[in-house]
Amino acid sequence: MSNEEMLEELEMVVFGIVGHAGEAKGYAYKALSFSEDGNFQEAEEMLKKCDEAVLKAHHIQTDLIQKEAGGNRMTITMLFVHAQDHLMTALSERELIKKMIKQNKRILELENKIKNV
């Protein structure tokens, strides 16, 4: 495989990771919005979609790691670093948003108890 072909393949990998990571972040923020409105079932559905998108990005990343471990070294570009940044941000934001959703649920429960007193 020529260097140009390797770079083209890497670009496709990068765009796959960025696309799925961006999709995951979008679902995570939709989940947070649903939880702010007390729609926890919808929030859970969005979190499932977020997890699926993260898994797709992770599979792409794992495939790349396996190729490199097998001796097929890839050139690291700024686009690749950018893709990794997107994936790590998606993972971090997903975990933080999951905690925020739990807090929103507790707040709503407490508000309902206060109203019923």
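Predicted model: local features only at pLDDT ≥ 70, side-chain atom pairs only at ≥ 80, totals over all residues.
Lys 98 is partly exposed, with a relative accessible area of 26%.

One partner of Lys 98 is Asp 51, with which it forms a salt bridge whose closest N and O atoms are 3.7 Å apart. Asp 51 is itself partly exposed, at 29% relative accessibility.

Asp 51 also forms a salt bridge with Arg 94, and here the closest N and O atoms lie 3.0 Å apart. Again the pair links distant parts of the chain: Asp 51 sits in helix α2 (residues 40-69) and Arg 94 in helix α3 (residues 78-115), 43 residues apart. Arg 94 has a relative accessible area of 14% and is therefore classed as buried, the cut-off being under 20%.

Returning to Lys 98, the reader finds a further salt bridge, to the side chain of Glu 95, with an N to O distance of 3.9 Å. Glu 95 is partly exposed, its relative accessible area being 38%. Through shared partners, the salt bridges join Asp 51, Arg 94, Glu 95 and Lys 98 into one network.

The structure as a whole contains 6 salt bridges, among them the contacts of Asp 51 with Arg 94 and with Lys 98.

Methods. Residues numbered from 1 in each chain as written. Heavy atoms only, no water. Salt bridge = Lys/Arg side-chain N within 4 Å of Asp/Glu carboxyl O. Helix = DSSP H or I, 4+ residues; strand = E, 2+ residues; numbered from the N terminus. Buried < 20%, exposed > 50% of the residue type's maximum accessible area, 1.4 Å probe, protein only.
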